Amino acid sequence: MKRAFLGEFEEVVLLTVAVLDESAYGVTVTQEIEQKTGRAVGFSTVHTTLQRLEEKGYLSSKMSGATAERGGRRKRFFTVTAAGRKALMEVKSIREQLWDALPPQTLQLMGG
Amino acid sequence: MEPAKTPDHPNRNIGPPPRWATTLLDWLGDPNTVEEVQGDLLELFTYWVETVGERKARWRYGLSVLKLLRPLAKRKERYSTPFSLSPAMLRNYLKIAFRNLVKSKVYSALTLLGLAAGMTCAILLGLYVHDELNYDHYHKHAERIFRVNQYIKWSDNEYKLGITSAPMGPALQQEYPEVNNILRVKKSNETLFRAGEKVLYAKNVIYADSTLFTFFDYEFIQGTPQTAFLNRNSVVLTQKLAVNLFGRTDGLLGTVIQVKDHLPVMVAGVIRDVPTNHHLKFEAILPYANEAISGINPGKWDSFNSMVYVLLNRADEQRKLEAKMPAFYKKHIAQALKDDGGNKVKFDITFQPVTDIHLRSTHLMGEENGGNMAYVYTFSAIGLFILLIAVVNYINLATARSAGRAKEIGIRKAIGSLRLQLLGQFLAESILSSFLALFFSLLLLYMLLPLFNQLTDKSLTLALWNGQTGFQLIGFALVIGLVSGLYPAFILSRFKPAVVLKGSFTAGGKGALLRQSLVVVQFTISMVMMVGTIIVYRQLQFMRHTQLGLNQEQVLTIPLKVPSAQKSGIVLKSKLLQNPMIKGASLTNGTVGSEMNNKSAFTFYVGGTEQSVSTEHFSIDHDFLSVLQIKLKEGRNFSPDLASDSTGAVLVNEAMLKRLGWKNRTAGLVELGSRKIPIAGVIRDFHLHSLHNKIEPLVLVLHPDRGDNLLVRVMPRNIPAALAYVKTVYEEVNPNQPFEYTFLDQTFAEQYRSDEQKGGLFLGFSGMAIFIACLGLFGLATFTAEQRTKEIGVRKVLGASVASIVALLSKDFLKLVGIAILIASPIAWYGMNRWLQDFAYKIDLEWWVFALAGLVAIGIALLTVSFQSIKAALMNPVKSLRSE
């Protein structure tokens with residue numbers, strides 16, 4: 001199988017799911033991203049990304065937790081799978097490698 | 001995961017989200033996720049209302065729903081399934097398809113040949129039927145043009161006519177606002193044209209009102225439709241006649257030529273030859289309104305000689321107008337027919353759409369030889385059936401040989417091919433075959449079309465580069481490919497890989513019943529067509545050889561079309577008779593063998609009763625009976641010694657006595673020119689027209705010195721010399737007039753031309769049907785022989801004779817052909833019985849025709865099968881059993 005490829009937004013969504021731990025579903029993920037990144041994200045974008053990540057095997061889901069304010073409908077809770085964790089780690093390590101390889105003076109110029 | 005039923009928002013402070021969006025999501029959301037999406041959105045809506053306000057929240061809600069609708073939020077292809085239409089797979093499909101074609105050359109050739117032949121027949125017949133159906137459709141006003149038809153019935157007389165009287169037209173236009181315009185046309189034949197030194201007869205000429213060019217679209221080479229008929233002495237020539245007269249078509253406007261007996265007319269236009277799919281056929285148009293030329297009395301209501309067309313304002317006013325016709329009859333026509341109350345005669349006037357004239361006029365007098373809807377149906381059916389036979393070949397051979405591909409299918413399935421993909425693959429293969437077949441059939445068509453045109457008197461072309469035809473052909477090939485491939489693809493893709501790959505699989509036995517039924521269908525169709533062909537040919541034979549009651553051999557008909565020639569007819573006759581090569585000559589104004597003669601009502605009297613009979617009548621001289629060798633039944637012929645005969649005697653035929661119900665003529669009288677005169681003699685019935693028509697009552701009167709036809713009986717010994725002599729004498733008596741003649745037997749034969757065409761088509765296409773069916777049978781026989789190689793080997797080892805093995809292999813097929821014969825016979829009997837109803841004089845349908853056709857079918861099938869079965873039976877068993 002090809003090397004895992006995560007788009008930037010996919011990575012954000014996947015990380016958010018991991019952050020939210022047990023309580024990650026469409027609404028919380030959308031709100032969390034909005035609050036953490038400060039950018040307005042469409043629910044539809046988040047929803048399709050969650051679907052896609054599940055298709056790729058990085059997320060698994062189960063239905064539960066119907067509440068009245070949802071009109072009695074259940075939520076789809078997402079959790080990160082082993083493959084998802086691995087993919088996140090990989091992305092992280094690639095980033096770190098790149099950061100490590102960055103010459104110190106460049107880092108200074110960037111104001112770091 | 002049922003979608004919830006109440007989208008209403010539970011929080012009362014906040015209004016519900018847009019209802020339209022919620023409903024839309026219900027309908028079009030992905031059913032797998034719709035529940036949580038609905039819930040999430042509802043939750044978010046509350047959140048949005050709190051954070052950004054209700055207006056924005058509603059907007060966001062709607063936008064999210066729209067983005068999540070399935071057509072927009074379509075999932076990408078699953079990563080795990082391979083793309084079945086990738087170039088690599090397509091290449092593989094094509095490669096396998098070609099390998100299969102090449103691997104079994106015999107079968108591929110058989111199916112392709114069959115398909116190509118079937119397609120060729122179907123395309124030919126399709127062109128033919130299309131042409132027949134499209135007569136007169138190309139005129140701009142076609143759907144608003146109608147022809148006036150008449151149905152007349154009184155006492156025993158009944159007429160259905162496509163013609164009517166001249167004053168009908170103007171009267172219709174004046175009295176009914178529905179009628180926008182009218183056109184009168186009178187057909188005429190053999191008209192003399194004279195341009196300088198050049199003199200010739202034009203075969204068909206019409207007299208027409210100037211509105212002709214408004215009604216029908218002709219293509220002008222010279223002149224315009226508007227100016228063509230402004231002058232009462234104009235003539236419009238067709239290209240053909242212009243070239244025959246002048247050798248060119250340009251610069252003729254204003255040229256004065258002479259028609260008939262030196263009547264000057266001016267060329268006012270030249271048009272292209274009339275398209276073959278126009279119901280009027282002519283070489284020149286002369287002015288209807290000019291009485292001196294047309295000879296039509298415009299006020300005579302009881303002289304039916306012209307076709308009257310009306311252009312209605314709206315096409316649907318036809319029925320409305322017909323309803324007004326009974327009143328019209330009483331007002332105008334009743335008086336002319338001496339039907340004072342308007343009730344004695346049943347007189348229906350109907351309006352026939354111009355597009356129906358070609359195909360739906362067979363019931364009209366004098367138009368029986370046009371197109372015929374029944375033939376359109378028959379030929380469509382034949383085309384479809386031949387195609388069916390070819391498609392059946394494909395299906396039969398493909399399913400029979402399915403075993404050969406079982407392994408391939410097993411492996412494809414084991415690797416992960418879906419059934420749908422296999423279906424697609426096999427359909428693609430059959431479509432490929434059908435396109436290959438189309439290619440071959442186009443080659444065939446280019447060779448066959450000229451022949452076919454000659455046979456049918458049409459000028460059909462296959463305009464391949466005309467977009468529409470191209471697309472139709474491609475569509476045709478696609479449909480044939482799909483139809484022929486669907487069943488085999490279904491069967492092939494059904495194989496279970498485990499069974500197939502284990503090796504214990506023997507296909508071919510499956511679907512045997514279907515294959516057998518299909519063979520029966522093929523042979524039923526072939527057999528029906530074969531019987532049809534035999535019967536058509538026997539009927540033609542019968543018509544050619546039936547005693548007509550007159551001797552039509554060695555009789556010349558010389559038309560005397562212009563008055564000066566008619567006047568000198570008697571001189572011509574006496575001069576001809578001086579030569580011993582001329583056996584006899586007779587002057588008459590009747591036509592024998594072709595068109596109808598004038599019909600009038602005669603009143604007959606016997607005792608105190610009177611009876612009116614409408615009959616054909618014409619004048620003859622004293623020699624008419626002897627020249628045509630017509631026999632007298634009772635009484636006497638006209639006598640040159642009795643001068644009173646020319647006004648005081650008539651001859652009638654036997655059919656007349658029968659119609660009148662008289663035992664003999666003696667007490668009877670007939671009214672002629674307001675005198676009651678006796679009937680001098682009764683002649684034996686003879687056929688005045690073709691055998692399509694019954695022998696009708698006939699009245700002959702005497703005019704020994706007048707006539708527009710001269711019948712000449714020549715000695716059989718040296719006909720060319722006699723002809724040369726007749727020509728010299730004719731030119732001596734009628735200088736400056738072209739000498740034209742026909743042989744009477746040819747005139748009669750001409751009446752069967754359209755029947756012979758049909759016979760030819762029948763023969764050709766039934767040959768094709770049988771040929772294609774045999775291809776299929778041959779393929780199947782080859783296949784069975786191959787399958788049973790081992791069985792035959794064992795039988796031979798055990799002592800079976802060659803004959804018994806051939807019998808074994810042929811028996812199965814012959815059984816099928818036998819069943820086909822049983823099914824086909826009643827169908828053929830019914831069909832051909834219907835066809836024969838068109839003829840007043842016809843052959844009986846005899847049982848031996850069916851037996852003969854059956855024997856031929858069996859013979860052909862046996863020949864086809866035995867080639868393979870004998871080959872199989874002669875094979876050395878060592879060879880077939882060695883591998884075991």
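A residue counts as buried here if 20 or more other C-beta atoms lie within 10 Å of its own, as exposed if 12 or fewer do, and as partly exposed in between, with C-beta atoms placed from the backbone. Keep that in mind for the whole tour.

This is a predicted model, in which local features need pLDDT of at least 70, side-chain atom pairs count only at pLDDT 80 or more, and totals for chains, interfaces and linings use all residues. Residues are numbered from 1 along each chain as its sequence is written, while chains are lettered from A and ligands numbered from 1 in the order in which they are written.

**Stop 1: all of chain B**

Select chain B and zoom out. You have 29 helices and 23 strands on screen; these are DSSP runs, numbered from the N terminus, with helices being H or I of at least four residues and strands E of at least two. The radius of gyration of chain B is 38 Å, well over the 29 Å from the globule rule for 884 residues, so chain B is more spread out than a compact globule. (That radius is taken over C-alpha atoms, and the rule is 2.2 Å times the number of residues to the power 0.38.) Along its principal axes, the C-alpha trace spans about 120 × 95 × 65 Å. Of the 884 residues, 37% count as buried.

**Stop 2**

Now pick residues 569-576 of chain B, which form helix 19. Which of its residues are buried? They are B:G569, B:L572, B:K573 and B:L576. These four cover an arc of only 100 degrees around the axis, which puts them on the same side of helix 19 of chain B; the arc is that of the directions from the helix axis to the C-beta atoms.

Contact means that the C-beta atoms of two residues, placed from the backbone, lie within 7 Å.

Stay with strand 14 of chain B, which is mostly covered, with five of its seven residues buried. Strand 14 and strand 22 of chain B pair in the antiparallel sense over six bridges, where pairing takes at least two bridges found by DSSP.

**Stop 3**

Most residues other than glycine have a negative phi. Head for B:D457, which has a positive phi of about 60 degrees although it is not a glycine. B:D457 sits in the loop between helix 14 (419-456) and helix 15 (467-492) of chain B. Is B:D457 buried or exposed? B:D457 is exposed, with 10 other C-beta atoms within 10 Å.

Next, jump to B:Q554, another non-glycine with a positive phi, this one about 55 degrees. Its loop runs between helix 17 (512-545) and strand 13 (555-559) of chain B. B:Q554 is partly exposed, with 17 other C-beta atoms within 10 Å.

**Stop 4: over to chain A**

Finally, show both chains. The contact takes 22 residues from chain B and 21 residues from chain A. On the side of chain B that touches chain A, helix 2 (34-52) and helix 3 (54-68) of chain B each supply at least two residues. The largest share, twelve residues, comes from helix 2 of chain B.
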